[in-house]
Amino acid sequence: MNNVCKKRNFMKKMLCSVLSMVFLVSVFTGIIPLQASAKGLPVQDEESITVMSYNVKGELAAIHERFSLPHDQKAWVRAPRQVQMIQEYSPDILGTSEETIIFSQVYSSVLQSEYGVNGDPLFGPSTLFHPIYGNTSIPDANRIYYKKSKFNHLTSQTIWLHDGNVFQQGKLDGETNVRGATLSVLEHKATGTRLVVANAHLSLDLNLARKQAGILKRETELLAARLGVFTVLYIGDMNAVPGTIPAFYFLQNIWNAPSYNFPSVPEWKIDNIYATTPARITGRFVVEKDVWPDRDASDHAPIMASIKLPKYNADNYSVTLYKDGDYSGDKVTLPLGVSNYWDWGSVGNDSVSSVLVTHGYKVTLYEHANCQGKSLVLTSSTNWVGNNFNDIFSSARVERVY
């Protein structure tokens, strides 16, 4: 009898071990999403939000409309199916790519009671440019939808990702398509946290995508600093499959932030979600055919992430010192009060060249430690401290001015 019990106990332990391994492997590979149910990512508390990124693939609908191809691929059929999915998963923030006019009309008419929306058409040879159109183009947009019950909208802007004036239409040399982005500044009502959501659709060409990502990062950080925002969500169709050189490059050199990004099926149909610290991604989910049979409404799968937001405290992020001009190079963010060069990490002593100052604060920079020597007072940002003050600062005092 004892031997039988021992055998049963051994089998139970083995079964539990096998099931545990299957669960862990499933979670790691994304078969079982972290903290996810069949309907997406449940919010754990008032400090968490859900975010969805979705390339709606307006190009398919546009081509099929023009050439009278299969009925179920036309825009006025596919767009309502997509909206039904969005309502079902109910993200707090939604970023879309390749959203053409018909899609915008359907999305806005159905979602407007619950969601606010930002993002202007890019016009020009767009991301939907295709040889089938010859020299014509289809206006599309990268739009951001946000739940009005959870967020206050502070401001937004549409930019074009090229070397010139980003507020005017243009494209990089060598790029066939106009690439743009929508930047929305939102305030989370429950926590007071302000965040910039940057939604973009980058080039398939890695070198062009690097440049576009760099421009996006620069403009996003400038907007964030000007409004005292410390959390950024980069979402959209980045054309960067996890594990590839583009994805690694973006994570390590562009956004340098812990995040999840993961592919839809097939793998090159990729959307991404990046969250900069102090925000933290706590779960991920791919809306695939096993949970949403109507995935054929686009050839991209929507992706979702749950994100834990920090509680807002502007005093801890009011001033940023940069080692080089134009807000580049090593940087350090200063809290209220006095700090010295030994607190500035890699920025170090006698090396500050540009300074970002959040509205409502001022910084006094001093030539020597402990607020000694000649000084420079700034109440707004400067991309160059001037020849007389470049590379001389050793201490700083940050204060509120409101």
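Okay, so Lys374 sits over the face of Phe389, 5.3 Å from the ring centre; that label needs NZ of Lys or CZ of Arg within 6 Å of the centre and within 35 degrees of the ring normal. Quick caveat: this is a predicted model, where local features need pLDDT of at least 70 and side-chain atom pairs pLDDT 80 or more, while totals for chains, interfaces and linings use all residues. Residues are numbered from 1 along each chain as its sequence is written, and side-chain values use heavy atoms, leaving out hydrogens and water.

Now, the rings. There are four aromatic pairs here, meaning Phe, Tyr or Trp rings (six-membered ring for Trp) with centres within 6.5 Å; planes under 30 degrees apart are stacked, over 60 edge-to-face, the rest tilted. Tyr341 and Trp342 are edge-to-face, at 5.0 Å and 70 degrees. Phe389 and Phe393 have planes at 15 degrees and centres 6.0 Å apart, so that pair is stacked.

How accessible is Phe393? Phe393 comes out at 0% relative accessibility, so it counts as buried. The cut-offs, with a 1.4 Å probe and protein chains only: buried is under 20% relative accessible area, exposed over 50%, partly exposed in between. Trp342, at 51%, therefore counts as exposed, and Tyr341, at 30%, as partly exposed.

Last stop, the largest nonpolar core, with 23 residues. A core here is a set of buried Ala, Val, Leu, Ile, Met, Phe, Trp, Tyr and Cys joined through side-chain atoms within 4.5 Å. Ile159, Leu216 and Tyr234 are among those touching the most other members.
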